[in-house]
Amino acid sequence: MSAAFWTIFWFVHYATTAMVILHILRKRRDPRGMLAWILALLLLPYISLVLYLLIGNVPIQRKVRRRHRRRRLIEPNLRRQTAEAVASHDARDDAALDPAQRSIIRMAVRIGESIVTRGNDVTIYHDAEAVFLSTSLALESAQSHIHMQYYIFAADETGRAVGDMLMKKAREGVEVRLLLDAMGCWKLPRSYVRTLQAGGVKVAFFLPWGLTSRRLHVNCRNHRKAVIVDGRVGFCGSQNVGDEYLGRRRKFGPWRDTHLRIRGPAVTQLQEVFIEDWHFAAGEDLSANDRYFPDPHNVGSQMVQIIASGPDRRPDTLHQLLYAAVSDADHHVSLITPYFVPDRAMLLALASASLRGVRVRLMLPARSDHRIVLWAARSFYEELLTSGVEIYEYADGMLHSKVVVVDRRWAMVGSANMDERSFRLNFELTSVLYDAGLAQQLHADFDALRERAVRVTERTVEEWTYLQTLAIGAARVATPLL
């Protein structure tokens, strides 16, 4: 090629790179991410520019503005419906709360934009088959409506069994809505989607994407998993719909999730989240219809708060809540996560808690469906171990639970991983359980997991091979973009 071509090539590259770098500097985000993008733009001509246009700050802000506009249309009705339904179940001043719980509740209510409700009944599931059975029974009992949203919904044996149930209920006159994330369900055959729709199921995709539509929404994915039946029974947690989540694929062995069945006022908060997401994806406004917000009954004694987080809400909601949980702990912090890519603040919080005498325990998978994330997690082991943090790698299948237990007094169970994507980019759903009994159940489950896990020690780190340390170091460099 001629010298003139290369002159133009490099001139266009450096001109556009300079413009993008100026944009990055003006936004003043996390300095690690800023530096990573600037280096990528300088070292990878055009490729990094395309990546930034796809997953950088510009498309994120565009989607956030669109989401805000949609929220404003239904927010008055939606907030009124929720407030009227749960007003008599507000547990923020409940006498049963201890000082530590009150402290975290004050913060969670302010940043989570939802109240704590009393009168709930919560069942914790760790067995995928039990979740599937309990959900199926709830779907079978539906009389009015079924609202479901998932990040992944496969058209395999498990997914088709759920789909058959949904179509059956639709034929019986039950309103059925299924909200799926477009990227998480990119493998879902559109022929099967048409089958569901022909069977009476209303299906919508969150931020659909494709080259032909000139939309590649890589970020801002809807990572929530929730089912609401008749506004009275809800399911949420970390389990998607597919054979692999029931352990029917041998690649990673049985998957282990933590999922909740909730009855009581907290289901109203789950309904609020779904209706907002459905309006954004499908354009259908359900906020003014009272049938989706039946008066909740006290069916138990447990206090629950449903927190929806995402780039359209207060920044760093989950990050702040988790940071406060670790910083305020007096005795124990147990964390289970499949993807562990903490920022510097979170890393220091874990290390500092351990150094001041709190027993900090971290459970991660020994094998992962995203190997680079596993390598990145291992890059933090040495400094955590030096501070006294206990680290375990679960070897009996794929660990997919997302759980935090603090002082056996309260806990968090949800869809969010412990990484930048869940903290700042994805739409996540977290249940905060202000109940010592539930927290003790989850604490005991961590103990049970240790029986099938390998404890990581400083000797383990020392025995890594040269190639392993090289891969781990390379993954660490990529953490700002993970």
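Reader: Why is I47 called exposed?

Author: A residue is exposed over 50% relative accessible area, buried under 20% and partly exposed in between, with a 1.4 Å probe and only protein chains counted. I47 has 55%, so it is exposed. I47 sits in helix α3 (residues 47-55); helices are DSSP runs of H or I with at least four residues, strands are runs of E with at least two, and both are numbered from the N terminus. Do keep in mind that this is a predicted model: local features need pLDDT of at least 70, side-chain atom pairs count only at pLDDT 80 or more, and totals for chains, interfaces and linings use all residues. Residues are numbered from 1 along each chain as its sequence is written, and side-chain values use heavy atoms, with hydrogens and water left out.

Reader: Thanks! What makes the nonpolar surface patch, and which helix gives the most to it?

Author: W10, Y14, L35, L39, L42, L43, L44 and I47 make this patch of about 810 Å². A patch takes residues with over 30% relative accessible area and no salt bridge, joining nonpolar side chains (Val, Leu, Ile, Met, Phe, Trp, Tyr) within 5 Å and like charges within 9 Å; the areas come from the Shrake-Rupley method with a 1.4 Å probe, and for residues only the protein chains shown count as cover. Helices α1 (3-27) and α2 (31-43) each supply at least two of the residues, and α2 gives the most, with 4.

Reader: How do you know which strands pair with β1?

Author: DSSP must find at least two bridges between two strands for them to count as a pair. Strand β1 (residues 117-125) has 2 bridges to β9 (residues 302-309), in the antiparallel sense, so that pair meets the cut-off of at least two. There, N120 stands opposite Q302. With β8 (residues 259-263), β1 pairs in the antiparallel sense over 5 bridges, and I124 has L260 as its bridge partner.

Reader: What makes R263 and D121 a salt bridge?

Author: A salt bridge needs a side-chain nitrogen of Lys or Arg within 4 Å of a carboxyl oxygen of Asp or Glu. The closest N and O atoms of R263 and D121 are 3.5 Å apart, and the pair qualifies. R263 counts as partly exposed because its relative accessibility is 29%.

Reader: What makes β16 a mostly covered strand?

Author: In β16 (residues 428-433), 6 of its 6 residues are buried. E428, T430 and V432 point one way, L429, S431 and L433 the other, and all are buried. In a regular strand, side chains alternate between the two faces of the sheet. β16 pairs in the antiparallel sense with β9 over 6 bridges and with β15 over 4 bridges; in the latter pairing, G414 has T430 as its partner.

Reader: Why does the space lined by L322, V404, M412, A416 and N417 count as a cavity?

Author: On a 1 Å grid over the protein atoms alone, a cavity is a set of points where a 1.4 Å probe fits but cannot get out, and lining residues have an atom within 4 Å of a point. The search finds 3 cavities of 30 Å³ or more.

Notes:
1 Å grid on protein atoms, 1.4 Å probe; cavity = no way out; pocket = protein on both sides within 12 Å on 5 of 7 lines; lining within 4 Å. Points joined across faces, edges and corners; volume = space filled by probe spheres on them.
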